[in-house]
Amino acid sequence: MSDTTEPGLQEPSLDEQIAAYQREYRDLDPQVEQVVSALGRLNRRMNVAYGRQLAALGISNAEWEVLKTLVLGGEPYRLGPGELAKRLGLTPAAMTHRIDRMAGEGLVTRDRDENNRVRVIVELTDEGRTKWLEAMRMATDFEEDLLQDLGGDERGMLGEMLTRLLRRVEHAQPDAGGRLTDLD
């Protein structure tokens with residue numbers, strides 16, 4: 001099954017997709033399929049929107065992941081390349097490639113640890129933090145628009161329900177947070 005359609009071809013509506021699946025697989029629960037298919041389509045479309053925002057800022061999704069990981073690590077926004085690779089589910093070689101590219105763009109620096117000259121430290125630069133903040137502003141605007149038809153209680157309930165689904169998947173597939181292959 002492919003998540004993409006040929007240019008000019010319309011993706012079937014959820015109802016059309018569910019009807020086709022039921023025609024071919026009679027044991028299908030249409031309520032389950034509606035939830036799962038809607039989540040999949042929403043995720044795909046949100047990823048496209050975020051990718052466009054990042055491209056407008058001149059950074060890739062791969063670079064965004066590094067910026068985000070450094071920020072999530074907290075001030076002073078510094079981690080070793082091995083720790084970054086582990087948190088992002090990448091090989092050390094892929095992480096080195098990513099850091100090289102980002103250092104060349106001025107988004108991060110890579111220096112020897114003053115306390116351990118063998119250890120390398122990757123640190124977020126002011127430019128990297130500025131890009132992260134701008135991406136967050138753009139994402140916040142997009143997300144507010146996305147949820148504009150839901151009231152506060154509905155947003156809270158939806159968040160709780162999705163979190164429960166996420167916990168179930170994380171419990172059943174604890175290794176699914178990483179990558180199957182490197183994206184670079």
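## Basis of the description

The model is predicted, and local features need pLDDT of at least 70, while side-chain atom pairs count only at pLDDT 80 or more and totals for chains, interfaces and linings use all residues. Residues are numbered from 1 along each chain as its sequence is written, and side-chain values use heavy atoms, with hydrogens and water left out.

Helices (H or I, at least four residues) and strands (E, at least two) are DSSP runs, numbered from the N terminus.

## The three-stranded sheet

Three strands form an open sheet in the order β1-β3-β2, with antiparallel pairing; two strands pair if DSSP finds at least two bridges between them. Because β1 (78-79) and β2 (108-113) stand at the edges with a single partner strand each, one side of each is left without a neighbour in the sheet. β1 pairs with β3 (residues 116-124) in the antiparallel sense over two bridges. In this pairing Arg-78 stands opposite Glu-123, and Leu-79 stands opposite Val-122.

β2 and β3 also run antiparallel, joined by six bridges. A hairpin connects β2 to β3 through two residues, and Asp-113 stands opposite Asn-116 in β3. Helix α5 (residues 92-104) lies across β2 and β3, running at about 115° to β2. For such angles, axes are lines fitted to C-alpha atoms, for helices over the stretch in contact, and the angles run from 0 to 180 degrees between N-to-C directions.

## Val-120 in strand β3

Val-120 is placed in strand β3. Contact means heavy atoms within 4.5 Å. Leaving aside neighbours within four places in sequence, Val-120 is in contact with Gly-80, Pro-81, Arg-110, Asp-111 and Arg-112.

## Salt bridges

The structure holds 12 salt bridges, each defined by a side-chain nitrogen of Lys or Arg within 4 Å of a carboxyl oxygen of Asp or Glu. One of them joins the side chains of Glu-11 and Arg-44 at 2.5 Å, N to O. Glu-11 lies in the segment before α1 (14-24) and Arg-44 in helix α2, so the pair ties together parts that are 33 residues apart in sequence. Glu-11 is partly exposed, at 23% relative accessible area; the classes are buried under 20%, exposed over 50% and partly exposed in between (1.4 Å probe, protein chains only).

Glu-127 forms a salt bridge with Lys-131, the closest N and O atoms being 3.9 Å apart. These two residues are four apart in helix α6 (residues 126-146), and are separated by about one helical turn. Glu-127 is partly exposed at 38%, whereas Lys-131 is buried at 19%. Arg-155 and Glu-144 meet in a further salt bridge (3.4 Å, N to O). This pair links distant parts of the chain, with Arg-155 in helix α7 (residues 152-172) and Glu-144 in helix α6, 11 residues apart. Arg-155 is partly exposed at 28%, as is Glu-144 at 46%. Salt bridges that share partners also join Glu-11, Arg-41, Arg-44 and Arg-45 into one network.

Glu-33 is found in helix α2 (residues 30-57).
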